[in-house]
Amino acid sequence: MNDALFSDYIRTRDKWTCQRCDKYFEEGNRRTLHCAHLLYGRGIRILRFNELQCYALCYFCHQWMSSHPGVTFKFLLNRIDLVAFNALNDLYEDRESFKYDTERKKRINQDLKTKLGCLNE
(Lines give C-alpha, C1' and ligand atoms only; values in the text may rest on other atoms or scores of the structure.)
Protein backbone atom coordinates (compact mmCIF):
# COMPACT_ATOMS: atom_id res chain seq x y z
CA MET A 1 0.00 0.00 0.00
CA ASN A 2 2.75 2.46 0.88
CA ASP A 3 4.56 1.83 -2.43
CA ALA A 4 1.57 2.75 -4.59
CA LEU A 5 0.73 5.73 -2.41
CA PHE A 6 4.34 6.98 -2.47
CA SER A 7 4.56 6.55 -6.24
CA ASP A 8 1.35 8.54 -6.72
CA TYR A 9 2.64 11.22 -4.36
CA ILE A 10 5.87 11.62 -6.36
CA ARG A 11 4.03 11.72 -9.69
CA THR A 12 1.52 14.24 -8.35
CA ARG A 13 4.27 16.36 -6.76
CA ASP A 14 6.00 16.41 -10.16
CA LYS A 15 2.70 17.26 -11.88
CA TRP A 16 2.61 13.99 -13.86
CA THR A 17 5.52 15.30 -15.93
CA CYS A 18 8.84 13.60 -16.62
CA GLN A 19 11.45 15.64 -14.77
CA ARG A 20 14.08 15.02 -17.45
CA CYS A 21 12.29 15.47 -20.79
CA ASP A 22 9.27 17.50 -19.55
CA LYS A 23 6.74 15.22 -21.24
CA TYR A 24 3.32 15.38 -19.57
CA PHE A 25 1.39 12.18 -18.83
CA GLU A 26 -2.32 11.80 -18.12
CA GLU A 27 -2.93 11.40 -14.41
CA GLY A 28 -3.08 7.72 -13.58
CA ASN A 29 -0.63 6.69 -16.33
CA ARG A 30 1.58 4.64 -14.02
CA ARG A 31 2.99 2.27 -16.60
CA THR A 32 4.94 4.85 -18.56
CA LEU A 33 5.61 7.46 -15.88
CA HIS A 34 7.71 5.93 -13.14
CA CYS A 35 8.57 6.95 -9.62
CA ALA A 36 12.34 6.63 -10.06
CA HIS A 37 14.64 6.10 -7.08
CA LEU A 38 17.77 7.76 -8.46
CA LEU A 39 20.49 7.51 -5.84
CA TYR A 40 19.64 4.23 -4.15
CA GLY A 41 17.07 1.73 -5.39
CA ARG A 42 13.77 1.08 -3.67
CA GLY A 43 15.26 -2.06 -2.14
CA ILE A 44 17.14 0.08 0.39
CA ARG A 45 14.36 0.30 2.95
CA ILE A 46 15.66 3.31 4.89
CA LEU A 47 15.48 5.37 1.66
CA ARG A 48 12.52 3.69 -0.03
CA PHE A 49 10.10 6.51 0.85
CA ASN A 50 12.60 9.37 0.85
CA GLU A 51 11.29 11.95 -1.60
CA LEU A 52 14.64 13.73 -1.99
CA GLN A 53 15.97 10.94 -4.19
CA CYS A 54 12.72 10.16 -6.07
CA TYR A 55 11.40 11.84 -9.20
CA ALA A 56 8.81 11.18 -11.88
CA LEU A 57 10.57 9.94 -15.00
CA CYS A 58 9.15 8.43 -18.16
CA TYR A 59 10.22 4.90 -18.97
CA PHE A 60 12.87 6.02 -21.49
CA CYS A 61 14.40 8.67 -19.20
CA HIS A 62 14.36 6.29 -16.22
CA GLN A 63 16.31 3.70 -18.22
CA TRP A 64 18.68 6.34 -19.61
CA MET A 65 19.39 7.87 -16.19
CA SER A 66 20.00 4.43 -14.70
CA SER A 67 22.80 3.84 -17.19
CA HIS A 68 24.36 7.33 -16.86
CA PRO A 69 25.32 7.80 -13.17
CA GLY A 70 27.26 11.01 -13.80
CA VAL A 71 24.22 12.67 -15.36
CA THR A 72 22.04 11.33 -12.55
CA PHE A 73 24.42 12.86 -9.99
CA LYS A 74 24.20 16.27 -11.70
CA PHE A 75 20.42 15.95 -11.99
CA LEU A 76 20.14 15.37 -8.24
CA LEU A 77 22.51 18.19 -7.29
CA ASN A 78 20.41 20.58 -9.40
CA ARG A 79 17.43 19.67 -7.20
CA ILE A 80 18.88 19.17 -3.72
CA ASP A 81 21.84 20.78 -2.04
CA LEU A 82 25.03 18.99 -1.07
CA VAL A 83 23.98 18.83 2.60
CA ALA A 84 20.81 16.91 1.67
CA PHE A 85 22.79 14.73 -0.74
CA ASN A 86 25.25 13.85 2.03
CA ALA A 87 22.37 13.17 4.43
CA LEU A 88 21.00 10.60 1.96
CA ASN A 89 24.41 8.94 1.86
CA ASP A 90 24.58 8.94 5.66
CA LEU A 91 21.18 7.22 5.84
CA TYR A 92 22.41 4.65 3.37
CA GLU A 93 25.46 3.97 5.53
CA ASP A 94 23.17 3.44 8.53
CA ARG A 95 20.75 1.16 6.65
CA GLU A 96 21.49 -1.95 8.71
CA SER A 97 20.11 -0.37 11.89
CA PHE A 98 16.80 0.61 10.24
CA LYS A 99 13.72 -1.25 11.46
CA TYR A 100 10.67 -1.22 9.19
CA ASP A 101 8.00 -2.27 11.69
CA THR A 102 4.21 -2.01 11.60
CA GLU A 103 4.13 1.31 13.45
CA ARG A 104 6.63 2.89 11.03
CA LYS A 105 4.59 1.62 8.07
CA LYS A 106 1.44 3.20 9.53
CA ARG A 107 3.22 6.54 10.11
CA ILE A 108 4.62 6.55 6.57
CA ASN A 109 1.20 5.72 5.14
CA GLN A 110 -0.52 8.50 7.10
CA ASP A 111 2.18 11.02 6.20
CA LEU A 112 1.87 10.15 2.51
CA LYS A 113 -1.92 10.47 2.58
CA THR A 114 -1.60 13.91 4.19
CA LYS A 115 1.01 15.10 1.67
CA LEU A 116 -0.97 13.76 -1.29
CA GLY A 117 -4.12 15.39 0.03
CA CYS A 118 -2.34 18.76 0.26
CA LEU A 119 -1.13 18.45 -3.34
CA ASN A 120 -4.64 17.60 -4.58
CA GLU A 121 -6.27 20.63 -2.94
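## Nonpolar core

The largest nonpolar core of this predicted model has 33 residues, and those with the most contacts inside it are Phe6, Cys18, Leu38, Leu57 and Leu112. Such a core is a set of buried Ala, Val, Leu, Ile, Met, Phe, Trp, Tyr and Cys residues joined through side-chain atoms within 4.5 Å. Buried means under 20% relative accessible area, exposed over 50%, and partly exposed in between, with a 1.4 Å probe and protein chains only. Two or more residues of this core come from each of H1, strand E1 (33–37), strand E2 (54–58), helix H2 (59–66), helix H3 (69–77), helix H4 (82–93) and helix H5 (102–120). The largest share, 5 residues, is from E2. Helices (H or I, at least four residues) and strands (E, at least two) are DSSP runs numbered from the N terminus. In soluble globular proteins, nonpolar side chains tend to be buried together.

Residues are numbered from 1 along each chain as its sequence is written, and side-chain values use heavy atoms, with hydrogens and water left out. In this predicted model, local features need pLDDT of at least 70 and side-chain atom pairs count only at pLDDT 80 or more, while totals for chains, interfaces and linings use all residues.

## Strands E1 and E2

E1 and E2 pair in the antiparallel sense over 5 bridges; two strands pair if DSSP finds at least two bridges between them. His37 stands opposite Cys54 in E2. E2 is mostly covered, with 5 of its 5 residues buried. Cys54, Ala56 and Cys58 point one way from E2, Tyr55 and Leu57 point the other way, and all are buried. In a regular strand the side chains alternate between the two faces of the sheet.

Cys58, in strand E2, has a relative accessible area of 8% and is therefore buried. Not counting residues up to four places away in sequence, Cys58 touches Cys18, Cys21, Phe25, Thr32 and Leu33, where contact means heavy atoms within 4.5 Å. Cys58 and Cys21 are 37 residues apart in sequence and 8.1 Å apart in space, C-alpha to C-alpha.

## Helix H5

The 19 residues of H5 should span 27 Å at 1.5 Å a residue, and the end C-alpha atoms of H5 are 27 Å apart, which agrees. The expected span of a helix is 1.5 Å times one less than its number of residues. Ile108, Asn109, Leu112 and Leu116 are the buried residues of H5. They cover an arc of only 100° around the axis, so they are on the same side of H5; the arc is that of the directions from the helix axis to the C-beta atoms. On the other side of H5, Lys106 and Arg107 are exposed.

What covers the buried residues of H5 includes H1. Leu112 touches Asn2, Leu5, Phe6, Tyr9 and Phe49, not counting residues up to four places away in sequence.

Asn2 lies in helix H1 (residues 2–13) and is buried because its relative accessible area is 9%. A polar atom of the Asn2 side chain lies 3.2 Å from the backbone oxygen of Lys105. A polar contact is a pair of N or O atoms within 3.5 Å; within protein, one must be able to donate a hydrogen and the other to accept it, and residues adjacent in sequence count only if both atoms are side-chain atoms. Leaving out residues up to four places away in sequence, Asn2 touches Phe49, Tyr100, Lys105, Ile108, Asn109 and Leu112.

Ser7 is also found in helix H1. At 17% relative accessibility, Ser7 counts as buried. Ser7 and Leu119 are 112 residues apart in sequence and 14 Å apart in space, C-alpha to C-alpha.

## Helix H3

Thr72, Phe75 and Leu76 are the buried residues of H3. Seen down the axis of H3, these residues fall within an arc of 95°, so they line one face of the helix. What covers them includes E2, H2 and H4.

Trp16 is found in the loop between H1 and E1. Although Trp16 is not a glycine, its phi is positive, at about 50°. Trp16 is buried, with a relative accessible area of 5%.

Asp22 is found in the loop between H1 and E1 as well. Asp22 has a positive phi of about 65° and is not a glycine. Its relative accessibility is 58%, so Asp22 counts as exposed.
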